[in-house]
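Me: I have a model open and some labels to check. Take me through them, please.

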Amino acid sequence: MQEAMNGQLNAEIFSGYLYLSMSAYYESIGMPGFASWMRVQRLEELTHAMKFFDYIAENGRVRLAAVDAPPFEWDGVPGPFEAALEHERKVTGLINGLVETARSEGDLETEEFLAWFVSEQVEEEETAEKIVDMIKSAGDSTEELEKLDGELAMRT
Ligand code: FEO
């Protein structure tokens with residue numbers, strides 16, 4: 001269980017790294033609101049990582065591993081958010097896998113700890129889906145994309 005939890009700690013750190021790379025990408029294509037949203041998301045991923053860090057440290061030993069390099073390029077404005085949705089679906093699968101491991105080991109404490117992440121993943125997927133839909137609705141309209149950029153800039 002501890003090994004799997006350390007694996008998830010690495011995955012959450014990677015998520016932060018991924019969103020930070022997406023932020024840099026949006027900055028480079030002149031979308032500061034999208035970039036800012038991704039920066040906030042990166043902080044959220046770090047709080048996820050620290051929840052795992054603290055839980056593992058309380059119950060055993062944290063082992064930090066190398067973090068993969070995130071992608072550098074995406075396709076236009078929709079690219080990163082489509083990738084984010086796909087990524088969050090993958091993370092949901094990882095969390096569900098951890099729940100299964102906890103259950104199979106009769107580790108009720110870890111199962112309870114993971115319950116927060118099960119709900120959080122529902123939210124993470126819903127948010128990414130919503131923004132992918134908003135980008136699709138904006139289509140190629142520069143005016144609509146700039147309006148959306150302004151809305152995303154509001155996230156704190
Ligand atoms: Fe840590 Fe975006 O899930």
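What follows covers ring pairs, charges over rings and a cavity.

Reply: This is a predicted model, where local features need pLDDT of at least 70, side-chain atom pairs count only at pLDDT 80 or more, and totals for chains, interfaces and linings use all residues. Residues are numbered from 1 along each chain as its sequence is written, and side-chain values use heavy atoms, leaving out hydrogens and water.

Me: Why is the pair of Tyr 25 and Trp 74 called edge-to-face?

Reply: Rings of Phe, Tyr and Trp (its six-membered ring) pair if their centres lie within 6.5 Å; planes under 30 degrees apart are stacked, over 60 edge-to-face, the rest tilted. Here the centres are 5.6 Å apart and the planes stand at 70 degrees, so the pair is edge-to-face. The structure holds 11 aromatic pairs.

Me: What makes Lys 51 a charge over the ring of Trp 116?

Reply: The rule asks for NZ of Lys or CZ of Arg within 6 Å of the ring centre and within 35 degrees of the ring normal. The charged end of Lys 51 is 4.2 Å from the centre of the Trp 116 ring and sits over it. Arg 155 lies over the face of Trp 37, at 4.3 Å from the ring centre.

Me: Which residue classes line the largest cavity?

Reply: Five nonpolar (Ala, Val, Leu, Ile, Met, Phe, Trp, Tyr, Cys, Pro), two charged (Asp, Glu, Lys, Arg) and two polar residues (the others, Gly among them). Among them are Trp 37, Gln 41 and Glu 88.

Technical notes: 1 Å grid on protein atoms, 1.4 Å probe; cavity = no way out; pocket = protein on both sides within 12 Å on 5 of 7 lines; lining within 4 Å.
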